[in-house]
Amino acid sequence: MRKKIIISMLMVLCALISCERRPLEDPNFSTEIEVRINLDAISNVTCDVYNDKIPIPDIDPEVMKVMFYSTSNNKLLAESFISEKDKADGHDIIKGRLSILPGEYSMTLYQFGSETTRIQDEQEYRGAFAYTDAITQSELKELKISSLSTSKGETKFDGQTINYQPEHLVVASSDYENIPYHEGVHTITVDATSIAESYYLQVKVEGLEYVSSAKAVLTSMVKQVNLATREKDLKDPCALYTHLIKSDDKGVPVVCNVFNTFGHIDDLDTKLNVVFDFWTTDGRNIQREFDISYLFDTQDCIQHHWLLVDETIVIPPPETPDPGTGGGFDPSVGDWDEEHHEIEM
């Protein structure tokens with residue numbers, strides 16, 4: 001019994017003189033993160049708007065995810081969310097406080113809650129990428145593009161999967177942040193900008209009154225981009241599709257829209273094609289495909305992100321079938337003939 005009491009006293013003594021384990025997050029050290037949302041230079045959204053008659057993408061981040069990494073091995077150490085909104089110098093500010101031990105960190109912040117843009121591999125600094133998924137099979141069925149093909153269970157256009165457009169995702173990163181020992185609140189201020197780009201696409205249409213809906217699919221777009229470095233993945237391009245809107249350009253009928261992308265792949269081996277897909281009011285499907293690689297080298301595109309296809313797509317008027325000539329898939333009824341019959345009771 002005496003031996004057990006001595007052992008218990010030794011264990012208590014060891015516990016009293018042992019090292020204190022402190023978590024990465026410590027309530028004694030408060031750090032405020034202030035993120036300035038910089039949307040000043042997004043072509044076709046906040047500047048260089050070609051057509052003010054159509055809607056433009058809305059960018060309104062509400063929550064930012066904050067991630068701190070070790071500078072020695074780039075591994076994720078802590079993460080949190082901030083959502084308090086403010087304004088300064090005409091810009092939205094998203095801020096919040098968290099408790100983190102003083103030290104040296106790398107840091108990435110991104111807009112949380114995107115509908116189409118996904119984030120993968122967050123566990124390592126410079127490892128996180130933003131990307132979008134391929135569109136659903138039901139959406140593929142709406143695209144009656146003749147050059148679609150199936151490979152390894154995926155439907156592709158010009159050998160590329162058709163993906164959703166990315167949303168404008170505001171991101172900030174810092175390779176080195178030193179949080180010193182401090183009293184009160186230590187503040188980190190960063191600027192967050194979008195990792196997506198917006199382009200305006202337009203083509204002239206003769207017979208626009210016969211069009212009920214229109215879409216476009218563009219090839220050789222960037223599928224994913226690195227959050228920390230902004231480096232674009234140029235090895236695996238994708239195609240993007242967008243709905244088109246009826247409008248006019250100085251009185252000339254057009255279909256057009258603003259679409260988002262992580263960027264385009266521009267090299268000697270890659271073609272930048274667009275296919276316009278129309279449905280007419282009488283149920284016809286009309287497609288026109290163009291190589292628009294040259295458009296990305298024009299000053300309109302370089303300076304303003306305007307893709308103005310210098311072609312006119314002609315939509316022929318509907319053909320009215322003669323009465324009584326409809327088949328099983330196109331039934332029609334001729335004039336009624338009056339007949340008289342006697343019925344015996």
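Guide: Trp306 is buried, with a relative accessible area of 15%; buried means under 20%, exposed over 50%, and partly exposed in between, with a 1.4 Å probe and protein chains only. This is a predicted model, in which local features need pLDDT of at least 70, side-chain atom pairs count only at pLDDT 80 or more, and totals for chains, interfaces and linings use all residues. Residues are numbered from 1 along each chain as its sequence is written, and side-chain values use heavy atoms, leaving out hydrogens and water.

Rings of Phe, Tyr and Trp (its six-membered ring) pair if their centres lie within 6.5 Å; planes under 30 degrees apart count as stacked, over 60 as edge-to-face and the rest as tilted. By this rule there are 8 aromatic pairs. One of them joins Tyr50 and Trp306: the centres are 4.8 Å apart and the planes stand at 70°, so the pair is edge-to-face. Tyr50 lies in the loop between β1 and β2 (63-70), while Trp306 belongs to strand β22 (residues 306-314), so the contact ties together parts 256 residues apart in sequence. Strands (E, at least two residues) are DSSP runs numbered from the N terminus. Tyr50 is partly exposed, at 26% relative accessible area. Ring pairs also bring in Tyr200, making a cluster of Tyr50, Tyr200 and Trp306.

As for the strands, β1 (residues 30-37) pairs with β13 (residues 185-194) in the parallel sense over 8 bridges; pairing requires that DSSP finds at least two bridges between two strands. Within this pairing, Arg36 has Asp191 of β13 as its bridge partner.

How values were computed
Helices (H or I, at least four residues) and strands (E, at least two) are DSSP runs, numbered from the N terminus.
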